[in-house]
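Visitor: I have a chain open and would like to go through it piece by piece. Can you take my questions as they come?
Guide: Go ahead.

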Amino acid sequence: MEPKEVIEFAGENGCLMVDLKFMDFPGMWQHFSVPLHELDEDSFEDGFGFDGSSIRGWQPIHASDMLVVPDPATAVIDPFMKHPTLSLICNIVDPVTKERYTRDPRNIAQKAQAYLKYTKIGDTAYFGPEAEFFIFDDVRYSFGSNHGFHEVDSVEGWWNTGREENPNLGYKPRHKEGYFPVSPSDSLQDMRTEMVLTLEQLGIVIEAQHHEVATAGQGEIDMKFAPLVKMGDQLMWFKYVLKNIAKQHGKTVTFMPKPLFEDNGSGMHTHISIWRGENPVFAGDKYAGLSQEALWAIGGILKHAPALCAICNPTTNSYKRLVPGFEAPVNLAYSSRNRSACCRIPMYSPSPRAKRIEYRTPDPSCNGYMAFSALLMACLDGIENKMDPGEPLDKDIYALSPEDLKDVPSTPGSLADALKALEADYEFLLKGDVFTQDVIDMWIDYKTRAELNPVRTRPHPYEFALYFDC
């Protein structure tokens, strides 16, 4: 839609308010609202002012004034607000220079998309993330200088088979057996369908929904692939819709990678393809029906995977999922069909149009705009430098002996290691000014200061079980 059409659309739907949404640096949606009469065609150029110093990882207080500039192409009606509200996703602009803000994740994604066209390798990069999540009935946590605890609960939790529920009807999925029995073991089918219908009401095409492997309400809803920036927008709507639908049912959704011990965590397997016009660049006559460019793209991902983890697995909790020998793909290898490889080539369809890479390491705690951009830049670097990915590993990696695995590299074991890898390997992200030095420096600084240090300086509750009597 053009600005004039957006204003007409708002009037036709009886909107009273306009909600202006944008993403902060770590990856959370922020917003503020203005009455509809404050929106005119000039608003899509002039924007609206806000305090950038109050947004995590952004401006210092002495240079706090920033602008949100609505993107008219993102106009929809917010499905959750009591009063009819037009929702617009915004770009961030410096009010003095009128330049796009380098730390705006959506700006990074738009620059990545432009850089792809500049390389002439392709003109569109499609992404299809499979963001897993948990639907819990209760979550409690607290911490202080002398205590720390968390507890989550779900009516589906296997640990509740003996709980007095007046009556307890059973049908609670065992650990690692949630993929995927019918109702009544799957008690969340109708809620996930409500989530799907709301997402489709917003124009987001959904391919499937189902219970996932873990007990206690783990689920997955798959969006149809879309271009990079659009998928970044859709991932934010995805999280917003799921959390708000769950709240309406008295439940809560989390995208934490590993909220439960002894069961599967939540990943975000991400499908990637590059197209040039109507031609799928990744389709060819090489291994698993891939092109040479696709194999080089895999080489780029494998080479830069440790640094990519700092962006695609950006929390300390991410590395509770990425543990060797468990379900997550930590070994840096590629294979067709084999889900134990970090890069998998899906073989569901023989059509060249379906040819893509599935990178299985990311998790849904990431900032989608930045994660997709970093993955595209790794693919492009691999193609530009003709990076050989080596031989495929068509074996069950988890069944290999230590001797067989000794030459297979693996992902970092902690957020600290991932940030060190990014510090040593980020030049590929700077091409085309997609990521800037300032963005890389601030990302490492923020993650270290605001997340890594607070976690590593606190005693863990299980350390009392291990060491209190030492």
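Visitor: Which residues form a nonpolar patch on the surface?
Guide: Tyr462, Leu466 and Tyr467 do, with about 350 Å² of accessible area together. Patches are made of residues with over 30% relative accessible area and no salt bridge, like charges being joined within 9 Å and nonpolar side chains (Val, Leu, Ile, Met, Phe, Trp, Tyr) within 5 Å. Accessible areas come from the Shrake-Rupley method with a 1.4 Å probe, and for residues only the protein chains shown count as cover.

Visitor: What kind of model is this, and how are residues numbered?
Guide: It is a predicted model, where local features need pLDDT of at least 70 and side-chain atom pairs count only at pLDDT 80 or more, while totals for chains, interfaces and linings use all residues. Residues are numbered from 1 along each chain as its sequence is written, and side-chain values use heavy atoms, with hydrogens and water left out.

Visitor: Tyr462: buried or exposed?
Guide: Exposed, because its relative accessible area is 52%. The cut-offs are under 20% for buried and over 50% for exposed, with partly exposed in between (1.4 Å probe, protein chains only).

Visitor: Now helix packing. How do H6 and H8 cross?
Guide: The axes of H6 (residues 292-312) and H8 (residues 368-384) come within 6 Å and cross at roughly 140 degrees. Axes are lines fitted to C-alpha atoms, for helices over the stretch in contact, and angles run from 0 to 180 degrees between N-to-C directions.

Visitor: What do you call that orientation of H6 and H8?
Guide: H6 and H8 are oblique to each other. Under 35 degrees counts as roughly parallel, over 145 as roughly antiparallel, 65 to 115 as roughly perpendicular, and the rest as oblique.

Visitor: Different topic. How many salt bridges are there?
Guide: The structure holds 23. A salt bridge here is a side-chain nitrogen of Lys or Arg within 4 Å of a carboxyl oxygen of Asp or Glu.

Visitor: Which residue forms a salt bridge with Arg344?
Guide: Glu358, with the closest N and O atoms 2.1 Å apart. The pair links distant parts of the chain, Arg344 in strand E17 (residues 343-345) and Glu358 in strand E18 (residues 357-359), 14 residues apart. Glu358 also forms a salt bridge with Arg360, at 2.9 Å between the closest N and O atoms.

Visitor: Are those residues buried or exposed?
Guide: Arg344 and Glu358 are buried, and so is Arg360.

Visitor: What about Arg192 and Asp186?
Guide: Their side chains meet in a salt bridge at 2.6 Å, N to O. Arg192 is buried, with a relative accessible area of 1%, and Asp186 is buried at 7%.

Visitor: Which residues are linked in a network of salt bridges?
Guide: Asp153, Arg163, Glu165 and Lys172.

Visitor: Backbone next. Where is there a cis peptide bond?
Guide: One joins Asn166 and Pro167, with omega about 0 degrees. Another joins Tyr179 and Phe180, with omega about -25 degrees. Pro167 is in the loop between strand E9 (148-153) and helix H4 (189-201), and Phe180 is in the loop between E9 and H4.

Note on methods:
Helices (H or I, at least four residues) and strands (E, at least two) are DSSP runs, numbered from the N terminus.
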